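This briefing sets out selected features of one protein model, grouped by topic. Please read it alongside the sequence and the coordinates displayed below.

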Amino acid sequence: MHELKDNQSTSTDFFGAHATRWLGLYGVKPAFMDRLELFTDSVKSALPDGTGRVLDFGCGPGVIAMAIAESGYDVVGMDGAELMIETARKEQARRGIENAEFRVMDAREFSIPPESFDAVVCSSVIEYVEDDAALVKKLIGTLRPGGRLVISVPNAASLIGKTEDLLRDTVVFARRAGGQHLGYSRRRYRRVAFLKLLQSLGLGSFACTSFEVPVLGRAGVAVSRLKRVGVMLLVVGRKGAPDATADHCEPRRTQKAISRKNLWEEAPRAVRRLIGRPLSLLPRRALLGRGFRQSLDFVEEAQWWPADKSRDYQLAQVRRVCQLAYERSAFYAKHFDEAGFDPRSIKTLDDLSCLPTIDRDDLRNNIEAIYTRSPDSRGVDCVSTGGTGGEPLRFCIGSDRSGVDFAYLVSSWQRVGYDLRTPAAVFRGRAVAEDSRGLRHEFDPILNTHNYSAFHMSDENMRRYLEHVRGLGPCVLHVYPSTVAMLARFMRRHSVARLEQLRGIIAESEIVYPQQRSMVEDVFGCRYFSCYGHSEKLVSAAECEHSTDYHIWPTYGYFELLDDKGCRISESGRRGEIVGTGFINSVVPFIRYRTGDFATYVSDRCDACRREHVCIRDIEGHRTQEILVAADNSLIPWTALNMHDDTFAYVRRFQFRQEVPGRAVLRVVPGVGFGDEERKRIIKSLDAKLQGRLLLSVVLTDAIDVTPQGKAIYVDQAIEGIPDGWGGEEPEMPLGERRPAVSVERG
Ligand SMILES: [Zn+2]
């Protein structure tokens, strides 16, 4: 107790003595300015109508408090250091701020009327206090129900933080004034544990980011968002968030593990080019890694297993996944207990049907409780996926799944003549810059892919793309159904000769419209081959080489087709929802997960190819083909803009609204933590792909309509001439020629 007093009074004295110096830093130091923006933005998005009462607890010289006051909120700033409050009051008078008030208080004995604030800001305070939980509880007590706590603490995951800890007791470090405050800090916080603490005190709907790097200036601000880098953690939580779906936003932003694949993909283009050539001389199987090689060998053999052998394998995997989930995931432990389901008692695959299915909302509302191991551990990627209802879903997955997943794809593609030596011409979502000849093309020597920009599908570019593909020799096209339809229409319009060397067209990620498929096959004169899968890695399926029925890979995940009563369908011709239990993701197990995709049951084996796989057809889901229009009337597939990074991390729903070619409004329902920074980030990361082809503006809104079936509409397309369900009907002429071009505003 005595120690506590000492520590607290000396830290207060210390901070008092540094009041003026710190005040000055907020104007010049990027890290300080960033902190200021993070806090003010968080308050603004917590109280979007611009009014409300805000408490800044431990306000120091009042920098954050005054910025919030200048944004229109009524602010009370409190601090234990008299000198700090004095400094704050002087600055307040100088700036003529009237809606702020500064008070001296004692952190241990302050009293504030309960439920009297709409938001409480607490910037780097509780780490200096012995009983931090008691203090946070008090602060939450001062919030009205639904109010927000915006709090920052030292980040335990930060490598820079760990280095500081190592150095802080050494003489060299302590002599630097910049590091001295660390001597008073009692602890760092692990994110998950801290969120659990806040949750136990009545907060929910968290948003979370790391920030602050003491060096590197602006570059430091950029890297500080990496959670192993930023020394601080900012958390925004809502008091009593009773309706979890009403207002939520996962605290986790996307991150990537240090894996070969991630390093390669993140490497600058110049680096990829430099080391790509020598790498391409190595056998591709070797380049793709051991996980891939082992999986491919396994898949090649397992696809011919008799059904009972596959079922034994599935049973073992289902048991493994369920036991792992039960032992390690708090969410599943509760879920299983409530259902009276004991994973050790699974005797047959039918036993799994005792367990209720789960969906995206279950996952989203329990995301921190669902992990079987810390998402901070090695080898874990966080990914994002668009979804039914238009709400992005984020979750973590082992970075080792890529090799496994790719093995299934390669084995599927082999049905249309692909092998690892065959180049693929790719028209998908990758942003591709112009090469030295002005062609938007980039070669990836590891995957043996030629990537072309799907964002630049003008007639001139398509002509050049096709010419380039013609020069590749035998190859396959890897496409979205919408991008290959654009190419086929162009070829038909301009009577472009077929690419005779093409072995097949591999289409993924969007719904396939039968009319579109036959048009494409007609123009290209080769097989259109569709595959089905998810970022969640639940179920993987590929068409048969002899028909367009999808064969479900039995060793990838456990597949069920359920009717609207939840009963399993196994009669030919009946339709149901695809429900999957994935075998690949052991970080977030997906067990009896409803995909929102529907299909028709065909059979449990294929007589044509003799694989004893479940066969389905007519898959329909949320991945519709939606189209945006560039200023030159060329089309841009929405799927290519479906960002799998953290672009939409702080967004609940979004939708593009387009009325004229070349421009679109991105309507956004902001989540907690959404601020100006997020808005800028969205524009920036979309523009990295669009490169000016579409001028975007972001408009905030509180609701976006979905279809009566609850599906999202990603593009509210108002330009005449694009039929609803773009691919459903096959227009005779392309947009630009069918009717006079819509007059385009410019400038
Ligand atoms: Zn078959």
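The model is a predicted one, and within it glutamate 115 occupies the loop between strand S3 (100-104) and strand S4 (117-123). The phi angle of glutamate 115 is positive, at about 55 degrees, although the residue is not a glycine.

- Most residues other than glycine have a negative phi.
- Glutamine 691 also has a positive phi, near 45 degrees, in a residue other than glycine.
- The loop between H23 and S26 holds glutamine 691.

**Overall composition**

- The protein has 747 residues, of which 46% are buried.
- Its secondary structure comprises 24 helices and 27 strands.
- Of the contacts with a separation of 6 or more, 72% are between residues 24 or more positions apart.

**The four-stranded sheet S26-S25-S24-S27**

- Four strands form an open sheet in the order S26-S25-S24-S27, and their pairing is mixed.
- Strand S26 (695-700) and strand S27 (715-717) are the edge strands; each has a single partner strand, so one side of each has no neighbour in the sheet.
- On average, neighbouring strands of this sheet are turned by 25 degrees against each other, direction ignored.
- Strand S25 (residues 663-670) runs parallel to S26, and six bridges link the pair.
- Within this pairing, arginine 663 lies opposite leucine 695 of S26.
- Helix H23 (residues 676-690) packs on the sheet, where it touches S25 and S26. The direction of H23 makes about 155 degrees with that of S26.

**Strands S18, S19 and S20**

- Strand S18 (residues 557-562) pairs with S19 in the antiparallel sense through six bridges.
- S19 is also joined to strand S20 (residues 593-603), again antiparallel, by five bridges.
- Valine 579 of S19 takes part in both pairings: it is the bridge partner of glutamate 560, and its own partner in S20 is arginine 594.
- How many of the eight residues of strand S19 (residues 575-582) are buried? Seven are, and the strand is mostly covered.
- In a regular strand the side chains alternate between the two faces of the sheet.

**Packing of helices H21 and H22**

- Two packed helices are described by the angle between their axes and the distance between the axes.
- For helix H21 (residues 481-493) and helix H22 (residues 514-524), the angle is about 50 degrees and the axes are 9 Å apart.
- H21 is therefore oblique to H22, and the crossing of the two is left-handed.
- From H21, the contact is made by Pro481, Val484, Ala485, Ala488, Met491 and Arg492. From H22, it is made by Gln516, Met519, Val520, Val523 and Phe524.
- By class, the residues of this contact are nine nonpolar, one polar and one charged.

**Packing of helices H14 and H19**

- Helix H14 (residues 290-302) packs against helix H19 (residues 401-413) at an angle of about 40 degrees, with the axes 8 Å apart.
- This angle makes H14 and H19 oblique to each other, and their crossing is right-handed.
- On the H14 side, the contact involves Gly291, Phe292, Ser295, Leu296, Val299 and Glu300. These meet Gly403, Val404, Phe406, Ala407, Tyr408, Val410 and Ser411 in H19.
- The contact of H14 with H19 divides into eight nonpolar, four polar and one charged residues.

**The surroundings of aspartate 56**

- Aspartate 56 belongs to strand S1 (residues 53-57).
- Is aspartate 56 buried or exposed? It has 32 C-beta neighbours inside 10 Å and so counts as buried.
- Leaving aside residues up to four places away in sequence, aspartate 56 touches Ile64, Ala65, Ile68, Val75, Gly77 and Val121.
- Valine 150 is 94 residues from aspartate 56 in sequence, while their C-alpha atoms are 9.4 Å apart in space.

How values were computed:
Residues are numbered from 1 along each chain as its sequence is written. This is a predicted model: local features need pLDDT of at least 70, side-chain atom pairs count only at pLDDT 80 or more; totals for chains, interfaces and linings use all residues. Two strands pair if DSSP finds at least two bridges between them. Axes are lines fitted to C-alpha atoms, for helices over the stretch in contact, and angles run from 0 to 180 degrees between N-to-C directions. Two residues are in contact if their C-beta atoms, placed from the backbone, lie within 7 Å. Angles under 35 degrees count as roughly parallel, over 145 as roughly antiparallel, 65 to 115 as roughly perpendicular and the rest as oblique. A crossing is left-handed if the near helix is turned anticlockwise from the far one by less than a right angle, and right-handed if clockwise. Ala, Val, Leu, Ile, Met, Phe, Trp, Tyr, Cys and Pro count as nonpolar, Asp, Glu, Lys and Arg as charged, and the others, Gly among them, as polar. A residue is buried if 20 or more other C-beta atoms lie within 10 Å of its own, exposed if 12 or fewer, and partly exposed in between; C-beta atoms are placed from the backbone.
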